Amino acid sequence: MQPGDRLEPEAFTEDGYRLLSSYAASGVAIVSTRLRGRDYAATVTAFLSVSYDPPTMLVSLFELSRIAEAVDESGTWALTLLGRDQQHTARRLSSAGAPVEGMFDQIPHGRGPVTDAAIPTGSVAWFEVKTSAVHTAATHQLFVGEVLSMGRFGEREPLVHYGSLYRDLR
């Protein structure tokens, strides 16, 4: 191939897109909220820091999911960046069969000081967020919000998602 040559695209299919987009390494996080005394949570890899001034974050949630409905109604949420040894937590909260009741019964956690959202302990960092805007994008809702509080549990290595697998940086 010479500089400037036209590239040959892959066949455009949903499976092809899913495969190629899985090559974007991303951190693994839990988004959680508390609504009417019940915890809601899900594992996510589509999140980002939008701005440092003011501190603003974004998370993408499937619009028909329980967590998207709960985050929308509560107006606040926590984003917890998981450590490399927290694959069990990521798997438990990412499965379609994740429990509706007692989802944190087997996950060590604390409560956010502002939102009361469940925050898995031993994670890399956590952020409590108040939703300031919601945007629809295809089948997802993009929740943008102002960071209300944040913290960490010491120096930890992150859990990474790459090639449809959980990995660490080693």
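**Entry 1**

I looked up Glu 157 and noted it as partly exposed, because its relative accessibility is 33%. For the cut-offs, buried is under 20% relative accessible area, exposed is over 50%, and partly exposed is in between, with a 1.4 Å probe and protein chains only. The model is predicted, so I kept to its rules: local features need pLDDT of at least 70, side-chain atom pairs count only at pLDDT 80 or more, and totals for chains, interfaces and linings use all residues. Residues are numbered from 1 along each chain as its sequence is written, and side-chain values use heavy atoms, with hydrogens and water left out.

Glu 157 forms a salt bridge with Arg 84, with 3.9 Å between the closest N and O atoms. A salt bridge here is a side-chain nitrogen of Lys or Arg within 4 Å of a carboxyl oxygen of Asp or Glu. This pair links distant parts of the chain, 73 residues apart: Glu 157 is in the loop between β10 (140-152) and β11, and Arg 84 is in the loop between β6 (76-81) and α3. Helices (H or I, at least four residues) and strands (E, at least two) are DSSP runs, numbered from the N terminus. Arg 84 is partly exposed at 29%.

I searched the whole structure and found nine salt bridges. One of them joins Arg 152 and Glu 155, the closest N and O atoms being 2.9 Å apart; both residues are exposed.

Which residue forms a salt bridge with Arg 36? I found Glu 73, with the closest N and O atoms 2.4 Å apart. Glu 73 is in helix α2 and Arg 36 in the loop between β2 and β3, 37 residues apart. Arg 36 is exposed, at 67% relative accessible area, whereas Glu 73 is partly exposed at 48%.

I then followed the strands on either side of Arg 36. β2 and β3 form a hairpin with two residues between them, and Arg 36 in the turn has a positive phi of about 50°. Strand β2 (residues 29-35) runs antiparallel to β3, and seven bridges join them. Two strands count as paired if DSSP finds at least two bridges between them. I noted Arg 38 in β3 as the bridge partner of Leu 35. Six of the seven residues of β3 (residues 38-44) are buried.

**Entry 1: the largest pocket**

I put the largest pocket at about 1,200 Å³. A pocket is an open set of points on a 1 Å grid over the protein atoms alone, where a 1.4 Å probe fits, with protein on both sides within 12 Å along at least five of seven lines; lining residues have an atom within 4 Å of a point. Of the 35 lining residues, Thr 43, Thr 45, Ala 46, Ser 60 and His 140 are the closest to its centre. β3 gives the most to the lining, with six residues.

**Entry 2: the three-stranded sheet**

I looked up an open sheet of three strands and read its order as β1-β11-β12, with antiparallel pairing. Its edge strands are β1 (26-27) and β12 (165-167), each pairing on one side only. Strand β11 (residues 160-162) pairs with β12 over three bridges, and Tyr 162 stands opposite Leu 165 in β12.

Technical notes. Points joined across faces, edges and corners; volume = space filled by probe spheres on them.
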